[in-house]
Amino acid sequence: MPRHCQTSIATLALLAAVLFCAAPQSVAAQESNVDATIVVSPIETLRLGDFDPTSPSSAPLIFTVTIRADDVERNLRAVVRVAGERVGLLGSATANLGRVPARTTVVLTNREFSSYDLADAANDLVDFASERGVLPADNYSFSLTVHDSIDDVVGEDEDVATTSDGAAEVFALAPGVPVGDTPEFVETPQPIFLWQSDAGRFNFSLYEVRDPSASPDDIAASRPVFVQDGIELTTFAYPAYAEALKPGSTYAWLVESVLQTAAGAEGVPAEMLWFTMRGGASDKLEAAPGLTSISVAPQEQEIPPAGVVQLTAEGFDANATPLGAIDVGWQVVPASGGEVTSEGLFTASDRPGVVAVVAERGDLSDFATITISNGARTPRGRDSVYVAMLSPSEGIVLMEPSPTFSWQIFGADSSAARVFRLSLAEVDEDAGTSVPLWARDVRNGLLLRYPSDEGPLESGRRYIARVALLDSSGAIAMASDPVEFALNRDPKISWELYNAWDEAQRNATDSVHVTMLTLIAGNQLTTSLRDRIVQAGATIEVAEGPWLQLRVPFASLPELAAIDLVRMMTLPSPHVLFHRRTALGDRSSAHVTPLLESSAPERFAPIDVAIFEFGFDRAAVEELVDPSRVRYHTFRQDNRIEGTGGADALHGVATLKAMVEYLPENATIHLVNFNTEPEFQQALRFAVDELNARVLTCSVSWANAYDDYDGTSFFSQNIEETLGEKAALVVAAGNFAESHWESTFNDANGDGAHDFSQQDSYLELELSSSRRYNLLLSWDEWTAPNRDLDIEILDARGEPLFDRYGRPYASRNLQADGQFAEPLERIRGFRPPFAGTQKYRLRVLSATPERTRPSPPAFELYIYPPPVSAAPAAQPASSLASGIATTRSQHVIPVGASGFKHSSRGPTNDGRVRPDFSTRGALEYSSRRFEGTSFATPRVAAALGSVLARHPEWTLEQAVTYLRQFVTPADPGNKDNVIGWGTLDLETLVSSL
């Protein structure tokens, strides 16, 4: 017999723990149109401690029930029954809804179910959960029934979910030993990290240990040098593209298993291990009997660059009795500071600095402090305090006219309050001397951005920077070695292209070629300009009006920029896949059964349709459709139909699956891929003019800004002209509703930054270190930008963030008359540097001098993928970020995803209502659930293609008008900026054909 008890609230809630729950299809009772749906939250494990048994309202969100009433007003009651595959019925929860008006939607969660009854099968489960704190692994079904006043079932739904047993403990195995023990040495620059756990996902963080006495908590509170989240294996090879591990440095690593709990994702950390990277060529010698310590002589030495010093090592026993000279292994830290032979002969590098020469025997070590001095005032001894410039580094060519200088202080008492003086001088090439420019004092800080009131540094000049430590009287106590750097900045070259060039220079790879876009004066490439570009070392891959796609070595960028008809040089836009995905487990099949009646193919005329994507997986395509129906066309310069593979190819096949279900079986499907904006223009013209495809669909794009999202750019107009009356292009509206902010620039407090609120001159963001974010800022000055706006990312306190090269996370193109030709700033692929989800700040800055500022611009800001949270919140209106979706042609048909709050919305910035249609945007494929406008779009394209195949004599306008007969709500005179003309009922439309 069932029994009712107070503690059953927590127990039944525990039964709802799930690994994943797909959005179920609604099932209505035969005699009613009441629609009932239950959705279970994605929870991997739950603990008893998550619940207050005496207060259902404080329980975590387990499931959500949605009930849409029919045309009859009546009393309704909702019942959810939970059953385990192994143990049977566990219990039920009931919510009395009272009298529900006709056509009303009621939404409630498990927190609003007033009564819970447990079946006998739940008794053992209660004991298990009480003992272990988590729900056991099982397949659980959640059955929802909706009853009327006479207990007839008027609506029902069911879902099946799988839980894990919460086994999340993780044990770090190698390399290294627990923090606090003597670090072991690692030889390989790409070590393989091993751990043991039954969990399915892990987050990994690596830290450089600067204080050998630091605790694991202290280390974990510092900034990691590398983070990798979402690892699905228990081994991880340190990647070659990550920051190089430095010989002689000690690193600590932490791995945590990730569980999805009722309170959100939770990490369960392993014990932190640490290790030291071995430097030098000597093998580590075994410890000698009786040897308990060693000492290096001389302990401290100052030598000139390229100087030589002989070092020796002496051993001692437990009574401090000398044992004489001993054989040791030697290494130099940092390794760039010089070389040491196996006999201890050290030769310094040719650059000033301070190095340690370390002697090792077994687990014993000692070191000598060697100061490489060129005559500057440099401290001696391992207990001295000294300062050193970190950025810029010696000999570097900077791209930014207002660089950020940073330095470090070393020594026994370097944590004390300090005052530093940063000075800058310009090198006089003719006189061979330096001319002081400015000096600034900084109290208790280790960085300073070049002050804007000094005026920007000049391109083509060389400068010297030095930082000094001041004593209590303001006199210089000691100074760093001078650092000489140059500035080379052409305003035509974008900030991100300069950063790519800068990295190539630092890695001595500036002869490598880069693909870039160039904007030229005029609308066509002339023969003379073509010759000049080729003479500069560039290969012209694509020419589309004023836009050229070039392949060019970095070293040729200045020569290209010097061509007067070249207006701007930048990297192609980072492309965007309009979807979100989650793992399903093995729940979906690749097979697709078309809904159109295959027994009557004569009803449909042959039709050619084209899918535009970044890539396709050929093998997966052939699992979905008959290969004889498919044609491949690639416009990528590398001719790879799979694109970059991975997500590109998977996304392409998923959009194909969404399309073929609603497409006649005799339709020919052209799979067209591309990578850049000019390649897309070529592909589109080919599909329309050569393939004669009447329906085209594109679910990918760029978060680009070639106009003010009003369809006036060259690319938008070219799309309109290419389509004409011949073809319709069905495009994804985008998934930017949670990624978009817009405003008119306002700086009421005069700090040079836009006021996002009355209190804050910044946008506060929560970002995850497991994601890479693209940020785009543009404003309404497309014909000739006169206002120079910039963006930068700061930490939660408002301090600047720098990459491993000391460059700020920012975008600072130089917009002004005759300079950068677009009002555009972009940060590409930003990986938040701090592990997990942390707060950051974004600022929109004005770099235009106050006295010359024109009227404030209206700007648009996009951050994709969307941040975890933001304050102020994103603005969904006018979030159509794709230049394709804002094209003015009536034959460009933007599509939204019904029911998804991230689906982009109109209007366009010139006031047009967009999108045109919406439909469902969820798709299951390859053990994943995809959500987004990516999959609503090909379904609408397939519906349009089916209508034209059924009525080949119709015009595109007639076919689109026919689609509008099958939308909900049915209001032919009303179009809004969320669902357009309405949500397309695909099944009803297909059945009408």
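**Entry 1. A sheet of five strands**

I looked up an open sheet of five strands in this predicted model and noted its order as S55-S54-S57-S52-S59, with antiparallel pairing. Strands, like helices, are DSSP runs numbered from the N terminus (E, at least two residues, for strands; H or I, at least four, for helices). Two strands pair if DSSP finds at least two bridges between them. Strand S55 (810–811) and strand S59 (869–871) stand at the edges with a single partner strand each, so one side of each has no neighbour in the sheet. I then checked S52 (residues 763–768) against S59 and found antiparallel pairing over three bridges. Glu766 stands opposite Ser869 in S59.

On the ground rules, I noted that residues are numbered from 1 along each chain as its sequence is written. The model is predicted, with local features needing pLDDT of at least 70 and side-chain atom pairs counting only at pLDDT 80 or more, while totals for chains, interfaces and linings use all residues; side-chain values use heavy atoms, with hydrogens and water left out.

**Entry 2. The chain as a whole**

I noted 13 helices and 65 strands in the protein chain. Of its 993 residues, 53% count as buried; buried means under 20% relative accessible area, exposed over 50%, and partly exposed in between (1.4 Å probe, protein chains only). The chain exposes about 41600 Å², and carbon and sulfur atoms supply 48% of this area. Accessible areas come from the Shrake-Rupley method with a 1.4 Å probe, and for residues only the protein chains shown count as cover. I also looked at contacts (heavy atoms within 4.5 Å). Among those with a separation of 6 or more, residues 24 or more positions apart account for 74%.

**Entry 3. Nonpolar cores**

Which residues touch the most other members of the largest nonpolar core? I found Leu656, Tyr925, Leu944 and Leu984, in a core of 56 residues. Helix H11 (residues 933–950) gives the largest share of this core, 10 residues. A nonpolar core is a set of buried Ala, Val, Leu, Ile, Met, Phe, Trp, Tyr and Cys residues joined through side-chain atoms within 4.5 Å. In soluble globular proteins, nonpolar side chains tend to be buried together.

I followed Leu984 further. Leaving aside neighbours within four places in sequence, Leu984 is in contact with Ser918, Thr919, Val940, Ala943, Leu963, Phe966, Val967 and Leu989. A second, separate core has 28 residues, including Leu691, Leu696, Ala727 and Val892.

**Entry 4. Salt bridges**

I counted a salt bridge where a side-chain nitrogen of Lys or Arg is within 4 Å of a carboxyl oxygen of Asp or Glu. By this rule there are 29 salt bridges.

One of them joins Arg77 and Asp151, with the closest N and O atoms 2.2 Å apart. Arg77 lies in strand S4 (residues 74–84) and Asp151 in the loop between strand S8 (138–147) and strand S9 (153–163), so the pair ties together parts 74 residues apart in sequence. Arg77 is partly exposed at 24% relative accessibility, and Asp151 is partly exposed at 43%.

Lys975 and Asp916 also meet in a salt bridge, at 2.7 Å from N to O. The pair links distant parts of the chain, 59 residues apart: Lys975 is in the loop between strand S64 (967–968) and strand S65 (983–984), and Asp916 in the loop between strand S60 (892–897) and strand S61 (917–919). Lys975 is partly exposed at 22%, while Asp916 is buried at 9%.

Glu208 and Arg210 form a salt bridge at 3.5 Å, N to O. Are these two side chains buried or exposed? Glu208 is buried at 13% relative accessibility, whereas Arg210 is exposed at 66%. With Lys246, Glu208 and Arg210 are linked in a network of salt bridges.

**Entry 5. A nonpolar patch**

On the surface I found a nonpolar patch of Phe171, Leu173, Ile192 and Leu194, with about 360 Å² of accessible area together. Patches are made of residues with over 30% relative accessible area and no salt bridge; like charges are joined within 9 Å, nonpolar side chains (Val, Leu, Ile, Met, Phe, Trp, Tyr) within 5 Å. Strand S10 (170–174) and strand S13 (192–197) each supply at least two of its residues. Phe171, in strand S10, is partly exposed at 42%.

**Entry 6. Arg278**

Last, I looked up Arg278, in the loop between strand S19 (273–277) and strand S20 (293–297). Arg278 is buried, with a relative accessible area of 12%.
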